[in-house]
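The chain is shown below.

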Amino acid sequence: MLPERNRLFVLTAVTTLLAAVSMTSAAAIADVTAGLEQFYGQRLDWKSCDTRELDVAECADVTVPLDYTDPGGRTITVAISRVRATSLEQRRGVLLTNPGGPGESGLEFPLALRATMTAPVRARYDLIGMDPRGVGRSSGIDCGWPVGFGVEAAGIDVSSYARSVVRQGELAARCWARHGDLLPYISTRNTARDIDVVRSALGEPTINYFGTSYGTYLGAVYTQLFPEHTDRIVLDSAIDPRQYGASALQSDNGAPGEAALGQWADWAATHDAEYGLGATGQAVRARVEGLLQRSAETPIPFGPFLIDDHSLPVVLFLGIGDSRRYPDLATQIRQLADSANGATVELDPDVEQQLALILTAQPHDLSALTAITCDDAPAPRDPAEYWRSIQNVRAAQPIFGPLFGNINPCAFWPSPREPATSVANASPALIVQADGDIHTIYAGAVAMHQALSASRLLTLRNTVVHGLFGNIPNRCIEASVNAYLAEGTLPPTDSVCDPD
(Lines give C-alpha, C1' and ligand atoms only; values in the text may rest on other atoms or scores of the structure.)
Protein backbone atom coordinates (compact mmCIF):
# COMPACT_ATOMS: atom_id res chain seq x y z
CA MET A 1 0.00 0.00 0.00
CA LEU A 2 1.48 3.64 -1.17
CA PRO A 3 1.38 6.30 1.59
CA GLU A 4 0.75 10.35 0.55
CA ARG A 5 3.50 11.63 2.86
CA ASN A 6 6.53 11.66 0.57
CA ARG A 7 5.99 15.40 -0.21
CA LEU A 8 5.74 16.49 3.41
CA PHE A 9 9.44 16.57 4.21
CA VAL A 10 10.42 19.74 6.04
CA LEU A 11 13.98 20.93 6.64
CA THR A 12 14.95 21.97 10.18
CA ALA A 13 18.26 23.07 11.76
CA VAL A 14 19.75 20.97 14.61
CA THR A 15 22.71 21.32 16.99
CA THR A 16 25.73 19.15 16.20
CA LEU A 17 26.61 16.79 19.08
CA LEU A 18 29.51 14.48 19.80
CA ALA A 19 29.94 11.44 17.56
CA ALA A 20 30.98 9.14 20.37
CA VAL A 21 27.47 7.78 20.89
CA SER A 22 27.66 5.84 17.61
CA MET A 23 30.54 3.66 18.85
CA THR A 24 29.49 0.03 19.18
CA SER A 25 29.09 -1.01 22.82
CA ALA A 26 29.65 -4.46 24.23
CA ALA A 27 26.07 -4.54 25.49
CA ALA A 28 24.72 -3.93 22.00
CA ILE A 29 26.32 -7.11 20.60
CA ALA A 30 26.16 -9.37 23.65
CA ASP A 31 23.61 -11.79 22.21
CA VAL A 32 24.59 -11.94 18.54
CA THR A 33 23.94 -15.11 16.55
CA ALA A 34 27.21 -16.86 15.73
CA GLY A 35 28.65 -15.70 12.42
CA LEU A 36 27.03 -12.26 12.52
CA GLU A 37 29.55 -10.60 14.86
CA GLN A 38 31.29 -8.74 12.03
CA PHE A 39 28.00 -7.03 11.12
CA TYR A 40 26.86 -6.26 14.64
CA GLY A 41 30.30 -4.97 15.60
CA GLN A 42 30.92 -2.68 12.63
CA ARG A 43 31.72 0.99 13.04
CA LEU A 44 29.96 3.47 10.81
CA ASP A 45 31.55 6.12 8.63
CA TRP A 46 29.23 9.13 8.80
CA LYS A 47 29.34 11.52 5.86
CA SER A 48 27.33 14.23 4.19
CA CYS A 49 24.14 12.91 2.61
CA ASP A 50 24.94 14.92 -0.53
CA THR A 51 21.38 16.15 -1.07
CA ARG A 52 19.81 19.50 -0.29
CA GLU A 53 16.82 17.77 1.33
CA LEU A 54 19.12 16.12 3.89
CA ASP A 55 21.49 18.98 4.57
CA VAL A 56 20.77 18.87 8.32
CA ALA A 57 21.41 15.13 8.50
CA GLU A 58 24.39 12.84 8.07
CA CYS A 59 24.38 9.48 6.29
CA ALA A 60 26.15 6.15 6.53
CA ASP A 61 26.06 2.74 4.88
CA VAL A 62 25.55 -0.33 7.06
CA THR A 63 26.85 -3.64 5.73
CA VAL A 64 24.47 -6.59 6.16
CA PRO A 65 24.40 -10.15 4.79
CA LEU A 66 22.22 -10.70 1.76
CA ASP A 67 21.20 -14.04 3.28
CA TYR A 68 21.18 -14.22 7.07
CA THR A 69 21.50 -18.00 6.92
CA ASP A 70 24.81 -17.52 5.10
CA PRO A 71 26.60 -14.68 6.93
CA GLY A 72 29.88 -15.52 5.21
CA GLY A 73 28.38 -15.04 1.77
CA ARG A 74 27.44 -12.01 -0.26
CA THR A 75 26.86 -8.70 1.50
CA ILE A 76 24.77 -5.66 0.61
CA THR A 77 24.49 -2.19 2.14
CA VAL A 78 21.63 -0.44 3.89
CA ALA A 79 21.65 3.38 3.81
CA ILE A 80 20.67 5.27 6.95
CA SER A 81 20.42 8.94 7.87
CA ARG A 82 20.74 10.58 11.28
CA VAL A 83 19.54 13.85 12.75
CA ARG A 84 21.17 14.10 16.15
CA ALA A 85 19.41 14.72 19.42
CA THR A 86 19.55 18.35 20.46
CA SER A 87 20.77 17.60 24.00
CA LEU A 88 23.58 15.25 24.93
CA GLU A 89 22.45 15.35 28.56
CA GLN A 90 18.83 14.42 27.82
CA ARG A 91 19.53 11.94 25.02
CA ARG A 92 18.11 8.47 25.72
CA GLY A 93 18.72 6.66 22.43
CA VAL A 94 17.66 6.47 18.80
CA LEU A 95 14.27 6.59 17.14
CA LEU A 96 14.31 4.60 13.90
CA THR A 97 11.57 5.47 11.42
CA ASN A 98 9.85 3.99 8.37
CA PRO A 99 7.32 5.84 6.13
CA GLY A 100 5.66 2.74 4.66
CA GLY A 101 5.16 1.57 1.12
CA PRO A 102 6.47 -1.06 1.34
CA GLY A 103 9.38 0.17 -0.68
CA GLU A 104 9.30 3.86 0.23
CA SER A 105 12.64 5.58 0.73
CA GLY A 106 12.95 6.57 4.37
CA LEU A 107 16.08 8.71 4.54
CA GLU A 108 14.12 11.99 4.63
CA PHE A 109 11.25 10.76 6.80
CA PRO A 110 12.75 11.91 10.13
CA LEU A 111 12.67 15.49 8.90
CA ALA A 112 8.93 15.27 8.19
CA LEU A 113 8.29 13.89 11.68
CA ARG A 114 10.67 16.26 13.43
CA ALA A 115 8.59 19.29 12.53
CA THR A 116 5.74 17.93 14.70
CA MET A 117 7.89 16.70 17.58
CA THR A 118 8.17 18.71 20.76
CA ALA A 119 11.50 20.01 22.05
CA PRO A 120 11.76 17.25 24.70
CA VAL A 121 11.38 14.56 22.03
CA ARG A 122 13.96 16.19 19.76
CA ALA A 123 16.29 16.39 22.75
CA ARG A 124 15.97 12.71 23.64
CA TYR A 125 16.51 10.96 20.31
CA ASP A 126 18.80 10.71 17.38
CA LEU A 127 16.27 10.38 14.55
CA ILE A 128 17.22 7.61 12.14
CA GLY A 129 15.92 7.27 8.59
CA MET A 130 16.51 4.16 6.52
CA ASP A 131 16.14 2.93 2.98
CA PRO A 132 15.11 -0.71 3.49
CA ARG A 133 17.04 -3.32 1.54
CA GLY A 134 16.13 -3.19 -2.13
CA VAL A 135 15.06 0.46 -1.91
CA GLY A 136 16.79 3.66 -3.00
CA ARG A 137 20.37 3.84 -1.80
CA SER A 138 20.19 0.43 -0.11
CA SER A 139 21.30 -1.92 -2.89
CA GLY A 140 18.11 -0.82 -4.60
CA ILE A 141 16.25 -2.70 -7.29
CA ASP A 142 14.61 -1.29 -10.39
CA CYS A 143 12.97 -3.91 -12.58
CA GLY A 144 12.73 -1.60 -15.59
CA TRP A 145 8.96 -1.68 -15.68
CA PRO A 146 7.09 0.41 -18.26
CA VAL A 147 4.59 1.29 -15.51
CA GLY A 148 5.19 2.58 -12.02
CA PHE A 149 4.02 -0.34 -9.94
CA GLY A 150 2.20 -3.64 -10.25
CA VAL A 151 -1.25 -2.45 -9.23
CA GLU A 152 -4.01 -2.01 -11.77
CA ALA A 153 -7.69 -2.81 -12.03
CA ALA A 154 -8.85 -5.94 -13.83
CA GLY A 155 -11.03 -3.99 -16.24
CA ILE A 156 -14.70 -4.23 -17.08
CA ASP A 157 -14.80 -7.61 -18.84
CA VAL A 158 -12.91 -10.87 -19.18
CA SER A 159 -11.01 -9.71 -22.28
CA SER A 160 -9.67 -6.73 -20.39
CA TYR A 161 -8.80 -8.98 -17.46
CA ALA A 162 -6.90 -11.35 -19.77
CA ARG A 163 -4.71 -8.45 -20.91
CA SER A 164 -4.04 -7.60 -17.28
CA VAL A 165 -3.00 -11.19 -16.54
CA VAL A 166 -0.44 -11.05 -19.34
CA ARG A 167 0.93 -7.69 -18.16
CA GLN A 168 1.28 -8.81 -14.55
CA GLY A 169 3.14 -11.93 -15.61
CA GLU A 170 5.47 -9.82 -17.74
CA LEU A 171 6.20 -7.50 -14.80
CA ALA A 172 7.22 -10.45 -12.64
CA ALA A 173 9.39 -11.85 -15.42
CA ARG A 174 11.18 -8.51 -15.87
CA CYS A 175 12.07 -8.44 -12.17
CA TRP A 176 13.47 -11.93 -12.07
CA ALA A 177 15.42 -11.45 -15.27
CA ARG A 178 17.11 -8.35 -13.86
CA HIS A 179 17.37 -9.05 -10.11
CA GLY A 180 16.98 -12.79 -9.65
CA ASP A 181 20.00 -12.86 -7.35
CA LEU A 182 18.54 -10.27 -4.96
CA LEU A 183 14.78 -10.82 -5.01
CA PRO A 184 14.56 -13.90 -2.77
CA TYR A 185 15.97 -11.85 0.11
CA ILE A 186 14.01 -8.57 -0.19
CA SER A 187 11.60 -9.36 2.65
CA THR A 188 10.25 -7.70 5.76
CA ARG A 189 11.84 -10.32 8.01
CA ASN A 190 15.26 -9.54 6.55
CA THR A 191 14.64 -5.79 6.87
CA ALA A 192 13.79 -6.35 10.54
CA ARG A 193 17.07 -8.22 10.89
CA ASP A 194 18.82 -5.30 9.20
CA ILE A 195 17.25 -2.96 11.76
CA ASP A 196 18.79 -4.99 14.54
CA VAL A 197 22.21 -4.75 12.88
CA VAL A 198 21.67 -0.98 12.59
CA ARG A 199 20.77 -0.87 16.28
CA SER A 200 24.00 -2.55 17.24
CA ALA A 201 26.14 -0.53 14.83
CA LEU A 202 24.70 2.59 16.47
CA GLY A 203 25.80 1.26 19.84
CA GLU A 204 22.28 0.93 21.24
CA PRO A 205 20.88 -1.90 23.39
CA THR A 206 17.31 -1.14 22.23
CA ILE A 207 15.44 0.52 19.37
CA ASN A 208 12.68 3.09 19.64
CA TYR A 209 10.56 3.07 16.51
CA PHE A 210 8.02 5.11 14.55
CA GLY A 211 6.36 3.47 11.55
CA THR A 212 3.53 4.53 9.26
CA SER A 213 1.34 2.28 7.09
CA TYR A 214 3.46 -0.72 5.99
CA GLY A 215 5.99 0.61 8.50
CA THR A 216 3.62 -0.54 11.25
CA TYR A 217 3.92 -4.12 10.01
CA LEU A 218 7.70 -3.82 9.81
CA GLY A 219 7.76 -2.53 13.39
CA ALA A 220 5.51 -5.33 14.58
CA VAL A 221 7.72 -7.94 12.91
CA TYR A 222 10.73 -6.41 14.67
CA THR A 223 9.01 -6.70 18.04
CA GLN A 224 8.31 -10.35 17.29
CA LEU A 225 11.84 -11.23 16.20
CA PHE A 226 13.73 -9.04 18.67
CA PRO A 227 11.52 -8.39 21.71
CA GLU A 228 14.53 -7.96 23.99
CA HIS A 229 15.70 -5.00 21.89
CA THR A 230 12.33 -3.25 21.65
CA ASP A 231 11.67 0.02 23.48
CA ARG A 232 9.05 2.70 22.70
CA ILE A 233 7.01 1.87 19.60
CA VAL A 234 4.58 4.17 17.72
CA LEU A 235 2.50 2.64 14.91
CA ASP A 236 0.62 5.17 12.80
CA SER A 237 -2.16 3.88 10.49
CA ALA A 238 -1.70 0.20 11.16
CA ILE A 239 -1.96 -2.91 9.01
CA ASP A 240 -3.57 -6.13 10.17
CA PRO A 241 -0.46 -8.30 10.71
CA ARG A 242 -2.50 -11.49 10.24
CA GLN A 243 -3.64 -10.59 6.72
CA TYR A 244 -0.67 -8.66 5.35
CA GLY A 245 0.39 -9.89 1.92
CA ALA A 246 -0.35 -9.67 -1.77
CA SER A 247 -3.94 -10.87 -1.42
CA ALA A 248 -4.79 -9.05 1.80
CA LEU A 249 -6.49 -6.10 0.12
CA GLN A 250 -9.00 -8.20 -1.75
CA SER A 251 -11.26 -8.85 1.21
CA ASP A 252 -10.74 -5.59 3.08
CA ASN A 253 -10.35 -2.46 1.00
CA GLY A 254 -12.93 -2.72 -1.76
CA ALA A 255 -16.02 -1.96 0.33
CA PRO A 256 -14.40 0.93 2.28
CA GLY A 257 -13.17 2.31 -1.03
CA GLU A 258 -16.67 2.32 -2.49
CA ALA A 259 -18.01 4.00 0.65
CA ALA A 260 -15.30 6.65 0.46
CA LEU A 261 -16.06 7.23 -3.22
CA GLY A 262 -19.68 7.80 -2.24
CA GLN A 263 -18.60 10.28 0.41
CA TRP A 264 -16.52 12.18 -2.15
CA ALA A 265 -19.40 12.05 -4.66
CA ASP A 266 -21.73 13.61 -2.06
CA TRP A 267 -19.17 16.35 -1.48
CA ALA A 268 -18.76 16.96 -5.22
CA ALA A 269 -22.55 17.22 -5.58
CA THR A 270 -22.60 20.09 -3.09
CA HIS A 271 -20.07 21.84 -5.36
CA ASP A 272 -21.86 21.14 -8.63
CA ALA A 273 -21.82 24.79 -9.60
CA GLU A 274 -18.01 24.66 -9.58
CA TYR A 275 -17.27 21.23 -11.05
CA GLY A 276 -20.46 20.30 -12.93
CA LEU A 277 -20.25 16.60 -12.08
CA GLY A 278 -23.83 16.22 -10.88
CA ALA A 279 -26.27 17.69 -8.40
CA THR A 280 -26.54 14.53 -6.31
CA GLY A 281 -24.04 11.99 -5.09
CA GLN A 282 -25.74 9.36 -7.21
CA ALA A 283 -25.37 11.53 -10.31
CA VAL A 284 -21.68 12.12 -9.62
CA ARG A 285 -21.08 8.44 -9.16
CA ALA A 286 -22.94 7.69 -12.40
CA ARG A 287 -20.64 10.18 -14.16
CA VAL A 288 -17.59 8.32 -12.80
CA GLU A 289 -18.94 4.92 -13.82
CA GLY A 290 -19.74 6.29 -17.26
CA LEU A 291 -16.17 7.50 -17.64
CA LEU A 292 -14.94 4.05 -16.63
CA GLN A 293 -17.04 2.48 -19.39
CA ARG A 294 -15.84 5.00 -21.97
CA SER A 295 -12.21 4.52 -20.97
CA ALA A 296 -12.59 0.78 -21.54
CA GLU A 297 -13.91 1.34 -25.05
CA THR A 298 -11.39 4.06 -25.95
CA PRO A 299 -8.63 5.21 -23.57
CA ILE A 300 -9.13 8.86 -22.67
CA PRO A 301 -6.30 11.35 -23.39
CA PHE A 302 -5.32 13.11 -20.19
CA GLY A 303 -2.40 15.46 -20.73
CA PRO A 304 0.41 13.22 -22.05
CA PHE A 305 -1.27 10.07 -20.68
CA LEU A 306 -4.05 7.68 -21.64
CA ILE A 307 -6.52 6.65 -18.92
CA ASP A 308 -8.32 3.33 -19.32
CA ASP A 309 -10.37 0.93 -17.21
CA HIS A 310 -7.18 -0.42 -15.64
CA SER A 311 -5.81 2.94 -14.50
CA LEU A 312 -8.91 5.04 -13.73
CA PRO A 313 -9.74 3.14 -10.49
CA VAL A 314 -6.15 3.74 -9.31
CA VAL A 315 -6.51 7.49 -9.93
CA LEU A 316 -9.81 7.49 -8.05
CA PHE A 317 -8.44 5.59 -5.08
CA LEU A 318 -5.49 7.93 -4.70
CA GLY A 319 -7.87 10.89 -4.68
CA ILE A 320 -10.47 9.73 -2.16
CA GLY A 321 -8.09 8.71 0.62
CA ASP A 322 -7.71 12.21 2.08
CA SER A 323 -10.69 14.54 2.40
CA ARG A 324 -8.39 17.52 1.98
CA ARG A 325 -7.80 16.38 -1.61
CA TYR A 326 -11.46 16.19 -2.60
CA PRO A 327 -11.22 19.39 -4.71
CA ASP A 328 -8.17 18.00 -6.53
CA LEU A 329 -10.01 14.82 -7.48
CA ALA A 330 -13.09 16.77 -8.58
CA THR A 331 -10.90 18.88 -10.84
CA GLN A 332 -9.29 15.77 -12.34
CA ILE A 333 -12.64 14.10 -13.04
CA ARG A 334 -14.00 17.30 -14.58
CA GLN A 335 -10.94 17.50 -16.82
CA LEU A 336 -11.18 13.82 -17.70
CA ALA A 337 -14.82 14.24 -18.70
CA ASP A 338 -13.93 17.26 -20.82
CA SER A 339 -11.06 15.40 -22.45
CA ALA A 340 -13.32 12.46 -23.24
CA ASN A 341 -15.49 14.96 -25.12
CA GLY A 342 -12.57 16.24 -27.17
CA ALA A 343 -11.32 19.15 -25.09
CA THR A 344 -7.62 19.77 -24.46
CA VAL A 345 -6.82 20.00 -20.75
CA GLU A 346 -3.76 21.23 -18.88
CA LEU A 347 -2.85 19.13 -15.87
CA ASP A 348 -1.64 20.50 -12.57
CA PRO A 349 2.13 19.86 -12.37
CA ASP A 350 1.74 17.79 -9.19
CA VAL A 351 -0.93 15.63 -10.84
CA GLU A 352 1.21 15.17 -13.92
CA GLN A 353 4.17 14.16 -11.76
CA GLN A 354 2.08 11.62 -9.87
CA LEU A 355 0.61 10.13 -13.02
CA ALA A 356 4.06 9.96 -14.63
CA LEU A 357 5.21 7.75 -11.77
CA ILE A 358 2.11 5.54 -11.79
CA LEU A 359 1.58 5.17 -15.53
CA THR A 360 5.03 5.52 -17.08
CA ALA A 361 7.53 4.76 -14.27
CA GLN A 362 9.09 8.21 -14.44
CA PRO A 363 11.57 8.86 -12.91
CA HIS A 364 11.70 5.23 -11.72
CA ASP A 365 9.43 2.29 -11.05
CA LEU A 366 8.20 1.10 -7.66
CA SER A 367 9.04 -2.53 -8.20
CA ALA A 368 10.59 -2.74 -4.72
CA LEU A 369 7.05 -2.43 -3.33
CA THR A 370 6.02 -5.55 -5.20
CA ALA A 371 9.22 -7.43 -4.39
CA ILE A 372 8.80 -6.96 -0.65
CA THR A 373 5.13 -7.90 -0.72
CA CYS A 374 5.70 -11.01 -2.83
CA ASP A 375 8.61 -12.16 -0.66
CA ASP A 376 6.60 -11.85 2.54
CA ALA A 377 3.62 -14.11 1.84
CA PRO A 378 2.43 -16.34 -1.01
CA ALA A 379 -0.38 -15.29 -3.36
CA PRO A 380 -2.94 -17.42 -5.20
CA ARG A 381 -1.66 -18.70 -8.55
CA ASP A 382 -4.79 -19.44 -10.56
CA PRO A 383 -5.99 -16.49 -12.71
CA ALA A 384 -9.49 -17.97 -12.68
CA GLU A 385 -9.60 -17.67 -8.89
CA TYR A 386 -9.01 -13.92 -9.09
CA TRP A 387 -11.66 -13.51 -11.79
CA ARG A 388 -14.27 -15.39 -9.77
CA SER A 389 -13.51 -13.22 -6.75
CA ILE A 390 -13.89 -10.06 -8.81
CA GLN A 391 -17.18 -11.15 -10.31
CA ASN A 392 -18.55 -12.09 -6.89
CA VAL A 393 -18.14 -8.50 -5.63
CA ARG A 394 -18.49 -6.49 -8.85
CA ALA A 395 -22.15 -5.58 -8.32
CA ALA A 396 -21.45 -4.13 -4.88
CA GLN A 397 -17.97 -2.84 -5.72
CA PRO A 398 -18.01 -1.81 -9.41
CA ILE A 399 -14.99 0.50 -9.13
CA PHE A 400 -12.75 -1.02 -6.48
CA GLY A 401 -13.64 -4.70 -6.56
CA PRO A 402 -11.76 -5.09 -9.87
CA LEU A 403 -8.86 -3.08 -8.42
CA PHE A 404 -8.30 -4.87 -5.13
CA GLY A 405 -9.30 -8.27 -6.42
CA ASN A 406 -7.06 -8.16 -9.47
CA ILE A 407 -4.17 -10.48 -10.12
CA ASN A 408 -0.71 -9.04 -9.45
CA PRO A 409 2.93 -10.01 -10.07
CA CYS A 410 2.99 -12.09 -6.88
CA ALA A 411 0.85 -14.69 -8.65
CA PHE A 412 3.88 -15.35 -10.87
CA TRP A 413 6.51 -15.05 -8.12
CA PRO A 414 8.43 -18.00 -6.63
CA SER A 415 7.28 -19.02 -3.15
CA PRO A 416 8.79 -16.98 -0.29
CA ARG A 417 11.87 -18.45 1.36
CA GLU A 418 10.33 -18.02 4.82
CA PRO A 419 6.80 -18.20 6.20
CA ALA A 420 4.96 -15.01 7.07
CA THR A 421 5.66 -13.74 10.56
CA SER A 422 2.99 -14.49 13.16
CA VAL A 423 2.82 -11.38 15.35
CA ALA A 424 1.62 -11.99 18.91
CA ASN A 425 3.52 -10.45 21.81
CA ALA A 426 3.24 -8.02 24.68
CA SER A 427 5.52 -5.26 23.42
CA PRO A 428 4.17 -1.88 24.58
CA ALA A 429 3.14 0.30 21.64
CA LEU A 430 0.99 3.31 20.86
CA ILE A 431 -1.24 2.77 17.80
CA VAL A 432 -2.86 5.86 16.26
CA GLN A 433 -5.48 5.51 13.56
CA ALA A 434 -8.08 7.55 11.68
CA ASP A 435 -11.43 5.78 11.57
CA GLY A 436 -11.94 6.81 7.92
CA ASP A 437 -8.59 5.59 6.61
CA ILE A 438 -9.14 3.58 3.43
CA HIS A 439 -5.51 2.70 2.76
CA THR A 440 -5.02 0.85 6.05
CA ILE A 441 -8.55 0.41 7.29
CA TYR A 442 -9.60 0.78 10.90
CA ALA A 443 -10.17 -2.95 11.38
CA GLY A 444 -6.47 -3.45 10.67
CA ALA A 445 -5.50 -1.18 13.56
CA VAL A 446 -7.83 -3.11 15.86
CA ALA A 447 -6.18 -6.35 14.76
CA MET A 448 -2.71 -4.89 15.36
CA HIS A 449 -3.86 -3.78 18.81
CA GLN A 450 -4.98 -7.32 19.57
CA ALA A 451 -1.72 -8.81 18.29
CA LEU A 452 0.32 -6.48 20.52
CA SER A 453 -1.51 -7.14 23.75
CA ALA A 454 0.21 -4.39 25.76
CA SER A 455 -0.54 -1.68 23.19
CA ARG A 456 -2.98 1.20 23.34
CA LEU A 457 -5.21 2.30 20.45
CA LEU A 458 -5.87 6.02 19.94
CA THR A 459 -8.59 6.71 17.35
CA LEU A 460 -9.08 9.94 15.42
CA ARG A 461 -12.81 10.06 14.75
CA ASN A 462 -14.69 11.24 11.69
CA THR A 463 -11.57 11.74 9.59
CA VAL A 464 -10.66 10.43 6.13
CA VAL A 465 -6.87 10.46 6.00
CA HIS A 466 -3.95 8.05 5.88
CA GLY A 467 -1.07 8.88 8.20
CA LEU A 468 -1.64 11.15 11.17
CA PHE A 469 1.45 12.41 13.01
CA GLY A 470 3.23 14.97 10.87
CA ASN A 471 0.60 14.76 8.16
CA ILE A 472 -2.66 16.19 9.50
CA PRO A 473 -2.65 18.73 12.35
CA ASN A 474 -4.39 17.36 15.44
CA ARG A 475 -3.47 18.50 18.92
CA CYS A 476 -4.80 15.39 20.61
CA ILE A 477 -2.81 12.94 18.46
CA GLU A 478 0.31 15.07 18.58
CA ALA A 479 0.17 15.45 22.37
CA SER A 480 -0.24 11.72 22.93
CA VAL A 481 2.56 10.68 20.58
CA ASN A 482 4.94 13.30 21.91
CA ALA A 483 4.15 12.44 25.54
CA TYR A 484 4.76 8.75 24.95
CA LEU A 485 8.06 9.31 23.15
CA ALA A 486 9.23 11.83 25.73
CA GLU A 487 8.15 10.13 28.95
CA GLY A 488 7.40 6.54 27.96
CA THR A 489 3.94 6.48 29.48
CA LEU A 490 1.14 4.94 27.44
CA PRO A 491 -2.43 6.18 27.88
CA PRO A 492 -4.12 4.17 30.64
CA THR A 493 -6.85 2.99 28.27
CA ASP A 494 -7.79 3.09 24.59
CA SER A 495 -9.23 6.48 23.77
CA VAL A 496 -10.45 8.75 20.97
CA CYS A 497 -9.53 12.13 19.56
CA ASP A 498 -11.79 14.51 17.64
CA PRO A 499 -10.74 16.52 14.59
CA ASP A 500 -9.38 19.98 15.33
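## Disulfide pairing

With the bonded cysteines of the chain numbered in sequence order, the pairing runs 1-2, 3-4, 5-6, 7-8. The model is a predicted one, and a search of the whole structure finds four disulfides. Three of them are described here.

## Cys143 and Cys175

The sulfur atoms of Cys143 and Cys175 are 2.0 Å apart. The link is right-handed, with 105° about the S-S bond.

## Cys374 and Cys410

Cys374 is joined to Cys410 with an S to S distance of 1.9 Å. A torsion of about -85° about the S-S bond makes this disulfide left-handed. The pair links distant parts of the chain, 36 residues apart: Cys374 is in helix α14, and Cys410 is in the loop between α16 and β10. Cys374 is buried at 2% relative accessible area, and Cys410 is buried at 6%.

## Cys476 and Cys497

Here the sulfur atoms lie 1.9 Å apart, and the torsion of about -60° gives a left-handed disulfide. Cys476 belongs to helix α18 and Cys497 to strand β12, so parts 21 residues apart in sequence are tied together. Cys476 is partly exposed, with a relative accessible area of 27%, whereas Cys497 is buried at 1%.

## Second largest cavity

Two cavities of 30 Å³ or more are found in the whole structure. Helix α12 contributes the most, three residues. By type, the lining has six nonpolar residues, one polar and no charged.

Methods
Residues are numbered from 1 along each chain as its sequence is written. This is a predicted model: local features need pLDDT of at least 70, side-chain atom pairs count only at pLDDT 80 or more; totals for chains, interfaces and linings use all residues. Side-chain values use heavy atoms; hydrogens and water are left out. On a 1 Å grid over the protein atoms alone, a cavity is a set of points where a 1.4 Å probe fits but cannot get out, and a pocket is an open set with protein on both sides within 12 Å along at least five of seven lines; lining residues have an atom within 4 Å of a point. Grid points are joined across faces, edges and corners, and a volume is the space filled by probe spheres set on the points. Helices (H or I, at least four residues) and strands (E, at least two) are DSSP runs, numbered from the N terminus. Ala, Val, Leu, Ile, Met, Phe, Trp, Tyr, Cys and Pro count as nonpolar, Asp, Glu, Lys and Arg as charged, and the others, Gly among them, as polar. A disulfide is a pair of cysteine sulfur atoms within 2.5 Å. Buried means under 20% relative accessible area, exposed over 50%, partly exposed in between (1.4 Å probe, protein chains only).
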